[in-house]
Amino acid sequence: MPQKPSGSIFWFPAFLGCYACCLTLGASLNEPASDTSLTAAVCPIVYQLDQSPTPRGYRYSFFGNGFFINEQGYLLTAAHVLETFRDSGQPYILVSRRNGPPKLLQATVIAVDAEHDVAILRAAINPFNSSYKVFCLALSSEPVSLGEPVLALSVHPPRKQNAYTFEVPREDHFVGEVLSYESTQLEKSAPAEEVFLLSHPVNLGQSGSPVISQSSQAVVGLVEGRWLRSSGFSTAKSSSKTTPTPGAALPIRYAIALLQRQSIYWHKPQLPASSPPAH
């Protein structure tokens, strides 16, 4: 079962771990994303500790990651990242700005599917309408294949135990491949659901981060946690010389289903350019 790596001071127990030009479900992105753009879609999910700023900005607790899926300010994350906010706690997201330090924005919880461990947030102030450095990621409904190269993106404060908003978050880029598909419980007493395992490890605070196909540059899953059970995959399937404890990711189809139920649009991956006819 995955161990869910959320938060800097909390380790949750678990049975597993440009405005839109087309406001329709599954709208396509017009331009391919660069690495910088991909990272600009990801932001920490935090709890603000100070009511007044210090010379280092506001102090906060870090819990995990979320990522933007459209220009209306909607984000996806793993539902267990939000567990600490159930008792009237107010989640915030830390968003980068073009000409200033990162800033905290309140985030509203729109919908939660605890059975599949996915959740939808929305920024109270839409950062796409101002000078924030943000981007949205496309979602791919196609299942990721075994052995397919993927990239897991996450951001975290330099000091997870004593974080301030004026400190620029650090970026983690984990490149690996899909090892296998497994079944596990994502919620106590819930039926078993599918996850896929990653050849790279998962660190504390990576929960909710996007797992991106390197071929389509679209999100194919969300980081769930570390896989703590034995599995049927062979280490020979991985190109790495040594295989660490694999990470586990949720297929993005669970999140797409939740978006559909809420009538929230997302972007599909850009279709490859068609080849010219042969002469």
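**Aromatic rings, charged pairs and burial**

Mentor: Ring pairs join Tyr 47, Phe 63 and Phe 85 into a cluster. The model is predicted: local features need pLDDT of at least 70, side-chain atom pairs count only at pLDDT 80 or more, and totals for chains, interfaces and linings use all residues. Residues are numbered from 1 along each chain as its sequence is written, and side-chain values use heavy atoms, with hydrogens and water left out.

Trainee: What makes the aromatic pair of Phe 63 and Phe 85 edge-to-face?

Mentor: Rings of Phe, Tyr and Trp (its six-membered ring) pair if their centres lie within 6.5 Å; planes under 30 degrees apart count as stacked, over 60 as edge-to-face and the rest as tilted. The structure holds four aromatic pairs. In the pair of Phe 63 and Phe 85, the distance is 5.3 Å centre to centre and the angle between the planes is 70°. The distance lies within the limit and the angle is over 60, so the pair is edge-to-face.

Trainee: Why can this pair be said to tie together parts of the sequence?

Mentor: Phe 63 belongs to strand S4 (residues 59-68), whereas Phe 85 sits in the loop between strand S5 (74-78) and strand S6 (92-97), so parts 22 residues apart in sequence are tied together. Helices (H or I, at least four residues) and strands (E, at least two) are DSSP runs, numbered from the N terminus. By that assignment, the protein comes to two helices and 16 strands.

Trainee: How do you know whether Cys 43 is buried or exposed?

Mentor: Buried means under 20% relative accessible area, exposed over 50%, and partly exposed in between (1.4 Å probe, protein chains only). Cys 43 has a value of 2%, so it is buried. Cys 136 is also buried, with a relative accessible area of 2%.

Trainee: How many disulfides does a search of the whole structure find?

Mentor: The search finds zero. A disulfide is a pair of cysteine sulfur atoms within 2.5 Å, and no pair in the structure qualifies.

Trainee: Why is the contact of Arg 59 with Asp 50 called a salt bridge?

Mentor: The term requires a side-chain nitrogen of Lys or Arg within 4 Å of a carboxyl oxygen of Asp or Glu. The closest N and O atoms of Arg 59 and Asp 50 are 3.6 Å apart, so the pair is a salt bridge. Asp 50, at 14%, is buried, and Arg 59, at 29%, is partly exposed. In the whole structure, five salt bridges are found.

Trainee: What makes Arg 261 and Asp 113 a pair that links distant parts of the chain?

Mentor: Their side chains meet in a salt bridge of 3.4 Å, N to O. Arg 261 is in helix H2 (residues 253-261) and Asp 113 in strand S7 (residues 100-113), 148 residues apart. Arg 261 has 53% relative accessibility, which is over 50%, so it is exposed. Asp 113 is buried at 10%.

Trainee: Which parts does the pair of Glu 194 and Arg 253 tie together?

Mentor: A salt bridge of 2.9 Å, N to O, joins the two side chains. Glu 194 lies in strand S12 (residues 193-198) and Arg 253 in H2, so the pair ties together parts 59 residues apart in sequence. Glu 194 is partly exposed at 27%, and Arg 253 is partly exposed at 39%.

Trainee: Why is strand S15 described as largely enclosed?

Mentor: Five of the five residues of S15 (residues 247-251) are buried, so the rest of the structure largely encloses the strand.

Trainee: How do you know that S15 pairs with S14?

Mentor: Two strands pair if DSSP finds at least two bridges between them. Strand S14 (residues 219-227) and S15 have five bridges, in the antiparallel sense, so they pair. Arg 226 stands opposite Gly 247 in S15. S12 and S15 also run antiparallel, joined by three bridges; Phe 196 has Ala 249 of S15 as its bridge partner.

Trainee: Which residues of H2 are buried, and what covers them?

Mentor: Tyr 254, Ala 255, Ile 256, Leu 258 and Leu 259 are buried in H2. Their cover includes S5, S7, strand S8 (118-123), S12, S14 and S15, where contact means heavy atoms within 4.5 Å. Over the whole protein, buried residues make up 53% of the 279 residues.
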